[in-house]
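Dear colleague,

Please find the structure below, handed over for your study. My notes on what was found in it follow directly after.

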Amino acid sequence: MKLFAKAALGACVSFVALSVSGIAFAQEQSADEDVQATSSDSSSQGDAIVVTGSRIARPRDFTSPAPLVTIGADRLQQSGSTNLTDILTGYPALVGSTTSGDTSGDDASIGEAGLNLLNLRNLGTQRTLVLVDGRRHVSGSPGSQSVDINTIPSDLVERVEIVTGGASALYGADAVTGVVNFILKRDFEGLNARAQAGISQRGDSGQRLISVTAGKNFLDGRANLTLAYEYGEDDRLLSQQRSYLSGTRYQGFFPNPADTETGTQTNDGIPDRILFNDLRYFDTTPDGAIDVDFDGAPDFYGAAGLPFVHGQYLGSGIDSGGSGTPLSRYANDLRPDITRHVVNLFGRFEVSPALEIYAEGKYARSKTFTLAQPTFDYYLFVPEDNPFIPDTVRSNIIPGIGEAVFGPGAPDGVLVTRDNFDFGQRGQDNLRETWRGVIGARGDITSNLRYDLSYVYGRSTQRAHFVNDIYDDRFFAALDVVNDPVTGNPTCRVNVDPNWTPFQPFQDPDGARGGGLNGPVTFKPGECVPINLFGEGQSQEALDFIRADTLDRSKIEQHVVSAIVNGTFGNSFKLPGGEIGFAVGAEYRQEKSDFTSDPIARQGLTFTNSIQPTRGKFSVKEVFGEISLPILANLPFAERLTLGGAARYSDYSTIGSTTTWQINGEYAPIRDITFKGTYSRAIRAPNIDELFGGQAQTFLFITDPCQADQIQNAIDPDLRRRNCETLLSANGVADPATFEDTRSTNIAGFVGGNRNLAEERATIWTAGVALQPRFIPGLNVTLDWYDVKLKNAINTVTANQLAALCVDQPTLDNVYCDGIDRQNGVPSSGTAEPGYIVGFRLGPQNVAAFTTSGLDVNVSYRLQTEKAGTFSLRLIGNYLESLKTVATPGANPIENAGTSFTPKYQANADLTWSKGPFTINYGLSWFDKTSRYALGTIASNPDIVEKKYLYYKERWVHDIYASVDVGDRFQLFGGVNNFTDNKPGVAADDYPVSAIGRYFFVGAKMNLGGKLR
């Protein structure tokens, strides 16, 4: 099948090369307005259209010089999903977008649960500009300009236009990689309704959608009022609802005990890592793993005092088998619960051809709920007078161990390591509300000129409610339990000793908890309710005492004032190819973001990461212009020759002035073939969060690149080895060659903004050919090569990347090493050993560079027959030649093409048959196998894993859709997505195929009168 898919994509390219024909896509669009590499009229002006990627009205046979794909409303319905982002990620340019699956459970960053963000070319959501009807839309993510696609009503979308290539000169910053423009239905006359429901084969992950649109024309069609409402629901999906992610079937790759490699002798042909099942944490349990001799390994398990059974130790704090907590219990939500309400109101009134007044209003309400992991604690000290200690454990406490380890006066006791599932899983319950209003005027200045003046106001608010967090001070008070001297019942020591202070010598304030004991106490004398760490299950009173629900708030505001005049110079100034087209305009935009964290969490009083407020704003004043020069037309070997260009001058309140520009051209020697291309310089100004982001505490697991088994995974192992030896030796490690971090704890760090950032700069060019052979009516083909080079890029690396980049640079004197803290020498307390990473700081820097290049292939073929009906074939393909990251100037480039979420080959295809009232559609979403590890790691360490596991399997998703029209006013439809029930790859939760599996959906549409413009 893989060879067939590659052959099919290659055959399309070969066929195009041999057919030597041409195309003018907008001349012959199918009725369903489905995926085509075609120009589409975002704004119609008589016999001319304005397409995304240009502000000039052009003839309807115009072919965009930049790569342009249109996805129509029928294709959105045929997809079976009601989530727009899930649909769009099936297309190559948007494969790396952020879906609900990426913002659920542990994958959801603070306040981001349920967000859906688009990402063109895998260069970041912050470099993708999302428009609605050609205008900017307020962000849904505090501190950024990234639009939450949940706020866009799926049933109101008439089509989606995707333009890839630099568009900063046309639309301003954030359009470095292109534009996604949602064109909405409007000017509706009558009543339209749609209802749809779907559910997986396993009876979960349901979706429901109800939408109603009503409109009325007035004054002989010169005025219209349209109201639309949409309600959508997406059900929560838990990982435990998938058998391969639950219990002992949970899998992962860990060091191979049979491996003979050493720090200096690598690639022995034996896989370094092999697949293990029944993965567990080696030293922690849900009911408490107890250590009585403080040797770093628990000796008894749980309330019954039974011996703790160790499984096969795999490294990184993980066992295979044994008594520890199964990793599958930490594998939480795969999809959040999302409920959406979206109301849109459109109105217009044409006073005269010179003046049409229009207005839009929108209210969107999105509620998201998802649960992640519980709280957890390592090496909590419990004095031996705690009445909850099991007798079998108490009898094994070594007398004098307290003073021997902690010093004179220290009591004896035990250490407890625990996963607090009985406290409840932490989660997010987020409410987002979006208001957007547009008011404007447009009309004809002359027969050749037209104006459009508009004001857009947007506001997005969010209430991020975090559930089942824990007060640190109350928790430490509640676990220190004694018998009440009056009643004899267990009570908190603080209730009988007003001078109580916590005794937690192994509890690092910068470790698993946030160090809340340094702040104010949140409870009153006598209020403490004891908890029992020895066994699962707590009283409701104890849970009510220790648990803390916190609330973060954010508000984002956007103001955009735009004025544009476009048209031609008419007959007074023409070129041999026709009238010169132009557009000039000015824009003022202000963005403001205000994030306020909960005061309790902000003080570090809870388990959850502390985060400081972020407040910032910027404004930009811009002028821009675009011109189209039709040099030649209707001549031998010059059916059309057009040159064009655009430029924009911007003055930012944060970074000063910038200039962007683009030049483009089209040459059609005959009607059947058009050569086209663009060259542009683009910029992206840093957003509010990158500039003004408050310091936020975070806790992350870091795989230390200086561990003996990680040295060979570098692009340059010798360089990493030398740097690690120098670094570890300086921090007191006696033998760097055998260094290993045996902790299973995560590490506390901070992430924040950088006010010294400058703009990013990009150079982008595209070159393509568009074909429509007259001898094959109905065939349209485009090939577009793209090349993007982004310099001075703003980049915030992950904690793992930070640690690796520190020791993979030519020198240790670099910005990444500045962000990593290591334990220097033997610590006085805690679990960190010399050389261990004990802290980190993440933040954006203008130090990176990104480059990407590849080929887009867009094919559509429509065959109409008298008896058999109409057949339509569509293929959107991509070959990703390269996607490189350069972390710092002079560093080795990291190739990402062919790794997870960046496949080398992709194809989205569908075949549709329609006859009379019946329509049947088959859809295919495919991409090539992708590497499980970084390509540089595989090149330097080819036996890192068994060959069959080096790559995730290919993506194969087959969909079937059918509909039948019942008269002129009703339609019934339904289908099956992933009807072969393909599942995620080995040791993967949700990749390369969704964990949802086979999915069924049905729906109905009603149209009572009128039609859409």
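Are Arg280 and Asp278 buried or exposed? Both Arg280 and Asp278 are buried, where buried means under 20% relative accessible area, exposed means over 50%, and partly exposed lies in between (1.4 Å probe, protein chains only).

Before going further, please note that this is a predicted model, in which local features need pLDDT of at least 70 and side-chain atom pairs count only at pLDDT 80 or more, while totals for chains, interfaces and linings use all residues. Residues are numbered from 1 along each chain as its sequence is written, and side-chain values use heavy atoms, with hydrogens and water left out.

Salt bridges

A search of the whole structure finds 44 salt bridges, a salt bridge being a side-chain nitrogen of Lys or Arg within 4 Å of a carboxyl oxygen of Asp or Glu. One of them joins Arg280 to Asp278, with the closest N and O atoms 3.0 Å apart.

Another is formed by Asp594 and Arg615, whose closest N and O atoms are 3.2 Å apart. This pair links distant parts of the chain, as Asp594 is in strand β33 (residues 581–596) and Arg615 is in strand β34 (residues 614–635), 21 residues apart. Strands (E, at least two residues) and helices (H or I, at least four) are DSSP runs, numbered from the N terminus. Asp594 is partly exposed at 27% relative accessibility, and Arg615 is partly exposed at 48%.

A salt bridge also connects Arg761 with Glu759 (3.7 Å, N to O). Here Arg761 is partly exposed, with a relative accessible area of 43%, whereas Glu759 is buried, with a value of 15%. Finally, Arg127, Arg684, Glu690 and Glu760 are linked in a network of salt bridges.

Arg955 is in strand β51 (residues 955–966).

The side chain of Arg955 does make a polar contact with the side chain of Ser925 (2.9 Å). A polar contact is a pair of N or O atoms within 3.5 Å; within protein, one must be able to donate a hydrogen and the other to accept it, and residues adjacent in sequence count only if both atoms are side-chain atoms. Leaving aside neighbours within four places in sequence, Arg955 is in contact (heavy atoms within 4.5 Å) with Ser925, Trp926, Phe927, Pro992 and Val993.

Aromatic rings

The search of the whole structure finds 24 aromatic pairs. Rings of Phe, Tyr and Trp (its six-membered ring) pair if their centres lie within 6.5 Å; planes under 30 degrees apart count as stacked, over 60 as edge-to-face and the rest as tilted. The ring centres of Phe376 and Tyr378 are 5.8 Å apart and their planes stand at 70°, so this pair is edge-to-face. Both Phe376 and Tyr378 are buried.

For Tyr879 and Tyr905, the centres are 5.4 Å apart and the planes are at 35°, so the pair is tilted. Tyr879 belongs to strand β45 (residues 869–886) and Tyr905 to strand β47 (residues 905–915), 26 residues apart.

The charged end of Arg442 sits over the ring of Tyr358, 4.1 Å from its centre, and Arg459 lies over the face of Trp435, at 4.5 Å from the ring centre.

An enclosed helix

Why is helix α7 (residues 472–479) described as largely enclosed by the rest of the structure? Eight of its eight residues are buried, so the description applies. The cover over the buried residues of α7 includes β27 (449–470) and α9 (540–546).

Backbone features

Most residues other than glycine have a negative phi, and most peptide bonds are trans. Tyr991 and Pro992, however, are joined by a cis peptide bond, with omega about 0°. Asp187 is not a glycine and has a positive phi of about 50°; Asp187 is buried, with a relative accessible area of 12%. Phe637 has a positive phi near 60°, and this residue is exposed, at 68%.

Yours sincerely

Terms used:
A charge sits over a ring if NZ of Lys or CZ of Arg is within 6 Å of the ring centre and within 35 degrees of the ring normal.
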